[in-house]
Amino acid sequence: LEFFNYKLGSIHLKKISSVDRNPVENAVFTLSKLNGERIGTEYKTSKSGEIFWEVDAGTYVLQEVKNDGYIVNSEPIYLEVKLGETTYKEVVNTPISSLQIIKTNAQNNMPLENVLFEIRRENGELISNNLKTDSKGRIQVELEPGNYQISELQQLTGFEKDETVYEVTIRAGQSEILRVKNKPLSGLRLHKFNSITGDGIY
């Protein structure tokens, strides 16, 4: 009679923020064998940003599927596990950043609705050209860190079109605010005069 001391290998995942390297909690992952066979269902990182698995030797695929407040790493992670050894993987996540555009009347600071904007990267790549201010004169959009150009596309009835191209830098995990004001068009005044006497008619 022979006895074998069968020892598994293990995977140690550590999830951290790219900004401060603090652990990231509640990031959701799946783990599969190379042939696509799923190991369990879904797993969440703990308060320490960690997940541990005990598995057979082989190649595994780690996939991030959800991570509230952070940009999800969509690329699969391939891990090689050997018996009796721990395969450690540190995964860095960038916090979601955002831009808020606030559009108001230059005379009375009232919000302006339905003003159309576009956002481009500094290299000219279009991000979106269909962003309209809401009833509060605001647009909220999530953006990756980087430099962007924001411009108004359409003249709002009764207001001058703002031709300025605004440059904004978005930093990881931070929300930036761009405040833009529109000047109302100058009112047109009509004065009637008597063609004979030249006196004004009121």
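How many bridges join E9 to E12, and in which sense do the two strands run? Before selecting them, note that this is a predicted model, in which local features need pLDDT of at least 70 and side-chain atom pairs count only at pLDDT 80 or more, while totals for chains, interfaces and linings use all residues. Residues are numbered from 1 along each chain as its sequence is written, and side-chain values use heavy atoms, with hydrogens and water left out.

**The whole chain**

Of the 202 residues of the protein chain, 34% count as buried, where buried means under 20% relative accessible area, exposed over 50% and partly exposed in between, with a 1.4 Å probe and protein chains only.

Now select E9 and E12: five bridges join them, and they run antiparallel. Two strands are said to pair if DSSP finds at least two bridges between them. Within this pair, Arg120 has Gln149 of E12 as its bridge partner.

**The largest nonpolar core**

Next show the side chains of Leu99, Ile101, Ile119, Ile150 and Leu178, the residues with the most contacts inside the largest nonpolar core, which has 18 residues. Such a core is a set of buried Ala, Val, Leu, Ile, Met, Phe, Trp, Tyr and Cys residues joined through side-chain atoms within 4.5 Å. Among the elements that give two or more residues to this core are strand E8 (97-105), strand E9 (116-121) and strand E12 (146-152), while the largest share, three residues, comes from E11. Centre the view on Ile119 and leave aside its neighbours within four places in sequence: its contacts include Leu99, Leu126, Val141, Tyr148 and Ile150, contact meaning heavy atoms within 4.5 Å. Apart from this core lies another, of 15 residues, with Ile11, Leu31, Leu79 and Val91 among them.

**Strand E1 and its partners**

Move on to E1, which is largely enclosed by the rest of the structure, because nine of its nine residues are buried. Both of its faces are covered, with Gly9, Ile11, Leu13, Lys15 and Ser17 buried on one side and Ser10, His12, Lys14 and Ile16 on the other. Select strand E4 (residues 50-55) as well, and you will find it paired with E1 in the antiparallel sense over six bridges, with His12 opposite Phe52. Strand E7 (residues 86-93), by contrast, runs parallel to E1 and is joined to it by eight bridges; here Ile16 stands opposite Val92.

Leaving aside its neighbours within four places in sequence, Lys15 is in contact with residues including Asn22, Phe29, Glu64, Asn73 and Asn93.

**Strand E5 between two partners**

Finally, select strand E5 (residues 58-66), which pairs with strand E2 (residues 28-33) in the antiparallel sense over six bridges; Lys33 stands opposite Tyr60 there. Five bridges also join E5 to strand E6 (residues 77-81), and these two run antiparallel, with Val81 in E6 as the bridge partner of Gly58.

Notes: Helices (H or I, at least four residues) and strands (E, at least two) are DSSP runs, numbered from the N terminus.
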